[in-house]
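I opened this entry to look up strand pairing and ring contacts. My notes follow the structure.

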Amino acid sequence: PPQTQKHTAPAIASLNFPAMHEIDVHDLSDDADYAASVQQGSASMNRSNSRKQGSSGEQEGAEIVYVKDNVAIHPTQYASERISGRLKLIKQGGSLFMTWIPYKGQSSSARLSEKDKSLYTIRAVPFSDVRSIRRHTPTLGWQYVIVVLSSGLAFPPLYFYNGGVREFLATIKQHAYLVRSADDANVFLVNDFQDPLQRTLSSLELPRAVSVTNSPSSAAAPSESPSSWTDGETFDRNSALAQQNARQRQKHNDPARDLSIQVLEKFSLVTRFARETTSQLFGEAQGDGFITNDRRKHDGKTHDYPRIAESNDAQKLPEDVPVPADPLEFDKLSLVWGKPRQPPLGTEEWSAFLDSEGRVTDSEAVRKRIFYGGVEPDLRKEVWRFLLGYHSYDSTYAEREYLVSVKKSEYETIKNQWKSISKEQAKRFTKFRERRGLIKKDVVRTDRSISFYEEDDSPNIKCLRDILLTYSFYNFDLGYCQGMSDLLSPILFVMGDESETFWCFVALMERLGPNFNRDQNGMHSQLFALSKLVELLDIPLHNYFEQKDCLNYFFCFRWVLIQFKREFEFEQTMRLWEVLWTHYGSEHLHLYVCVAILKRRRSKIIGEGMDFDTLLKFINELSGHIDLDAILRDAEALCICAGENGESCIPPGTPPSLPVNDASMYYQQDDDDVL
């Protein structure tokens, strides 16, 4: 199996991607890779031009400037389950577009259906929406690139199994503004104009403000061989742009919107605009070329597609939208299989689980008891240490006391690594300055409605900052990402002690750390598993999401990323987390919680004909309106009902499962991925 890094699933919000500063960027002319590939790039251009001139079916103005076969992505952790496809760069007017479409009927694994593969298709992304391209050249394995959009979203890594990364970058440079980052030699910035006005126009997501405005209004698209793909949409550019501008104005007028939700909503605009624009600019058809209107007429296929209304008013839904019946009869299922909640575990009952030396005599019974009832607040500090893995269940009082002493000294050693950095050192330590600045901004916005963090000069806010900075040095590869402060805050609230909080957080991040990887592999695998669970447990709802092009489940991104932290009150969040941490019944109960919430609202979702934008808004507004006890009962019932079939939907190593360490089967973390 290939020794390369694990990656999964389609493009998704990357809340932690570092901002590109106004730096003195360098031209690629100093890049040996670029210089070596100029000649190859020119040859590729000549081949593309020859193809264009030799194809009578191509429409004037559309030009394939780069083609690369056998470019693959990895939807699971198994190297054998890669999806191969064709990568193209297409020049249309003054704009450059990128497409990647998987081959049809060619799969290295029976686990991946054609429907699964289609989830990863990249359809005509304009480079005016691209922020940067990161090149990775691991010591072992194949080169790959990560394309990051201006919104901070990252597509899954594209592996070049037959080489071609240098030629890919060289071709982009010939048709778009591409420069090397001064901070990282492997990052190439797109549209990073030195003119502040041009930079601003490029980042505003104004409708094609930089380069696409001069594009012809319509064109035909390349098809993929050996695949054939068709798209039955057309797009009214002016009306769609009007809708996009109206939505953008509404967002900017609402200062209270959560940052992560803004990112996701921007993503829905980018992906939908790119998808709909693809239908107009790149209407895909049979053959490896562009088809003309004459050819369409010759084929005798004419369609009258609906156009997006020019009004900003929402389209009226039919008065009676049929809602398919729930195949599981969910209400009955929950009553039969979901057990009612119990009172929380108290001090006296907890003591009965301990022997004379402090060992937990029956860890499974303890986890089961907490699963059904939670823990009393005064007991959480002691019990959470076990649930999080800081203490082992078979440890004694003396062993735990000794561990606390040793870990406290170790924590201080790690903390001193950043505290000893002088101002002169900090000037030359970009990553430290960036992480420190991001942490400072985040901690002052974390749980300020809680009295524990309420005061501006609260020592608890300072403690949050210190722990997160120390963790960024403890796990320097991962560093700090937005959302980590949300996971740390309740732990500090319960533990009180800085060192113990740190080590409990370290234990938690052993399981949830992949949620914050640069490549988002942890999030991708969980959302992919969620889509398969919904397909298993509610096929009509799955079919509806497929119809609305919502199978990426990005609307559940916040739920999964920070474990429903924003969906419940602070006390309820702690109750939910301690239930999830028991791993009783399933390590992935949080995914069944997602399914349960969606099923409880399936009638409203389907009945109101929600599309991605509406669904995202609806899911966001559920915050504070979910019955925790009922949803836990529902989730347990779904988990029992799914059984082994449910577990088979979840790829091995999917968070919060501990990482799989079998080097012969799974990808390895490369040194190239250090931030």
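I call a residue buried under 20% relative accessible area, exposed over 50% and partly exposed in between (1.4 Å probe, protein chains only). By that cut-off, F160 and F168 are both buried.

The model is predicted, so I kept local features at pLDDT of at least 70 and side-chain atom pairs at pLDDT 80 or more, while totals for chains, interfaces and linings use all residues. Residues count from 1 along each chain as its sequence is written, and side-chain values use heavy atoms, without hydrogens and water.

Rings next. I paired rings of Phe, Tyr and Trp (its six-membered ring) with centres within 6.5 Å; planes under 30 degrees apart are stacked, over 60 edge-to-face, the rest tilted. I got 32 aromatic pairs. One of them, F160 with F168, is tilted, at 5.7 Å between centres and 50° between planes. I also found a cluster linked by ring pairs: Y411, Y471, Y474, F502, W503 and F505.

Then charges over rings (NZ of Lys or CZ of Arg within 6 Å of the ring centre and within 35 degrees of the ring normal). K407 has its charged end over the W503 ring, 4.1 Å from the centre. R435 lies over the face of F476, 4.3 Å from the ring centre.

Last, strands (DSSP E runs of at least two residues, numbered from the N terminus). I took two as paired at two or more DSSP bridges, that is, at least two. Strand 1 (residues 62-73) has 9 of 12 residues buried. Strand 1 pairs antiparallel with strand 2 (residues 83-92) over 9 bridges; there, Y66 is bridged to L89. Strand 1 also runs antiparallel to strand 7 (residues 158-160), with 2 bridges, and A72 stands opposite Y159.

Conventions. Helices (H or I, at least four residues) and strands (E, at least two) are DSSP runs, numbered from the N terminus.
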